Amino acid sequence: MGTFTRNVLLTLLTRLTVFALAFVSGVITARALGPSGRGTLTLALLVPFFAERFLNLGVGIANTYLLGKKKYTLQDVLGNSLALVITITLISGPFYLLLVPVLSRTVMAGVEHSSLLLVSILIPLQLLWTYLICIFLGLQDIDRYNILLVTERGGTLASIVLLVLILRFGVTGAICANILASVVVLGLGLVMLSKRTEIRPIWNPRLLKESVLFGLRGQIGNIVQVFNYRFDVFIINYFLEVDSVGIYSVAVGLAEMLWHIPGASATVLFPQTAAAREKDAKVFTPRVCRNVLLITTILAAGLFVISKPLILFAFTDAYLPALVPLWFLLPGVVALSISKTLFGDLAGRGLVQYSTYSSSVSLIVTVICDLALIPRFGVTGAAVASSIAYGIHALLALFFYTRASGNSLVDTLIPKKGDLLLYPSYCSTAVRAFLKTQD
């Protein structure tokens, strides 16, 4: 548990740093672009976001799992990933160019053709980023994994300051900032890996088959879950206007900062569960889940209290309509902390299909609630729909996890006195981990 705690706390520290950098980037773009420009940027960046999820074939999560199980060498996995990115890009590129006119008339209404073409550069970059970052997870090289996350977000912030704040290139500048940061961090990641293996594309049919077969079991769930997170943005843009997308993006951005704790736990839990004995995983996963739930709940209450002055201070009163949607998102985000943690454990057990089942049910709920609530209640309706869907997702995660692990709901959800006594040692570990990063 000591190494796990150290890695979780270091990853959490990294995620908080990443959040701070992303928050400043968001404030700059929100103030510089206004609600309409912020909404346009949000929609444009959804293109590479969704494209990467559809095109990666689940190979990212397979990289983590197969390296964690030590079934293939680093050179095999990295070479296979590079070859796959090149192939996917050559095949998908022409199709995307044909799709741009359709997107601009439908779900991307309000986004210029030039922006839709520009963001296409991000698709192969984000695809390779997913594969590389999962390789570092599979190696359990948490330190370099965290360095890359901070570098990517820090590079984005620096580029936004230059291109949006100083040169005032608007939405185009913000997109270019993301491209520039992706190029820099990918270069750094490849340099890190070059010290351990050769960097070249390698086709390994057996590895490719195993990666895709394993990855697709969870990939459908990942795609569905992405729709759970972002489908409401398209509905808002269709029924309302791009300004409303900008308002809602601020509410979502603030609510999602609570995901850093369960996200850090799941990030470390997945490869550790893959490499651990089942009896060990049965003990530490419930402890992680119940404490993550407790801390996330406390932080959600704190965010509820300070949300209005925070929005006014950081984003100005132009974004004050994001306040009520933020409040309605908080219960769902707390519920999602459960599923994020437990599906990290289940993925490490090789049971990625459970995420698919849960996400599919959750998406159906999301679509029904969005169509029923957004036309009538606007962005607040979108927030309510999300919380309902996230709650159902958490219930399904608990159902599948307790069946697979044999643990009870009480052990998984209710903090114990012994947990609280460990908090001082957790804090001590966090301080030591932070000091080590300064050496």
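Phe328 is found in helix α12 of this predicted model, where helices are DSSP runs (H or I) of at least four residues, numbered from the N terminus. Together with Phe304, Val305, Ile306, Val324 and Trp327, Phe328 makes a nonpolar surface patch of about 540 Å². Such a patch consists of nonpolar side chains (Val, Leu, Ile, Met, Phe, Trp, Tyr) joined within 5 Å, from residues with over 30% relative accessible area and no salt bridge. Helices α11 (278-315) and α12 (323-348) are the elements that give two or more residues to the patch.

Of the 26 residues of α12, 21 are buried, so this helix is largely enclosed by the rest of the structure. Helix α12 bends by about 30° at Leu329, and Pro331 follows within four residues. The bend is the angle between axes fitted to the seven residues ending at a position and the seven starting there. After α12 comes Gly350, with a positive phi near 85°.

Eight salt bridges are found in a search of the whole structure, each being a side-chain nitrogen of Lys or Arg within 4 Å of a carboxyl oxygen of Asp or Glu. One of them joins Arg230 and Glu256 (2.9 Å, N to O). Arg230 lies in helix α8 (residues 205-239) and Glu256 in helix α9 (residues 242-256), so the pair ties together parts that are 26 residues apart in sequence. Arg230 is buried at 18% relative accessibility, as is Glu256 at 17%. A further salt bridge links Asp411 and Lys416 (3.0 Å, N to O). Salt bridges that share partners also join Asp141, Arg144 and Arg196 into one network.

The protein chain averages a pLDDT of 87, and 88% of the residues score at least 70; pLDDT is the predictor's confidence in each residue, from 0 to 100. Confidence is lowest in helix α17 (residues 423-438), at a mean of 50, and highest in helix α7 (residues 170-194), at 97. Where pLDDT is low, the predicted coordinates should not be read in detail.

Residues are numbered from 1 along each chain as its sequence is written, and side-chain values use heavy atoms, with hydrogens and water left out. In this predicted model, local features need pLDDT of at least 70 and side-chain atom pairs count only at pLDDT 80 or more, whereas totals for chains, interfaces and linings use all residues.

Technical notes. Patches are made of residues with over 30% relative accessible area and no salt bridge: like charges are joined within 9 Å, nonpolar side chains (Val, Leu, Ile, Met, Phe, Trp, Tyr) within 5 Å. Accessible areas come from the Shrake-Rupley method with a 1.4 Å probe; for residues, only the protein chains shown count as cover. Buried means under 20% relative accessible area, exposed over 50%, partly exposed in between (1.4 Å probe, protein chains only).
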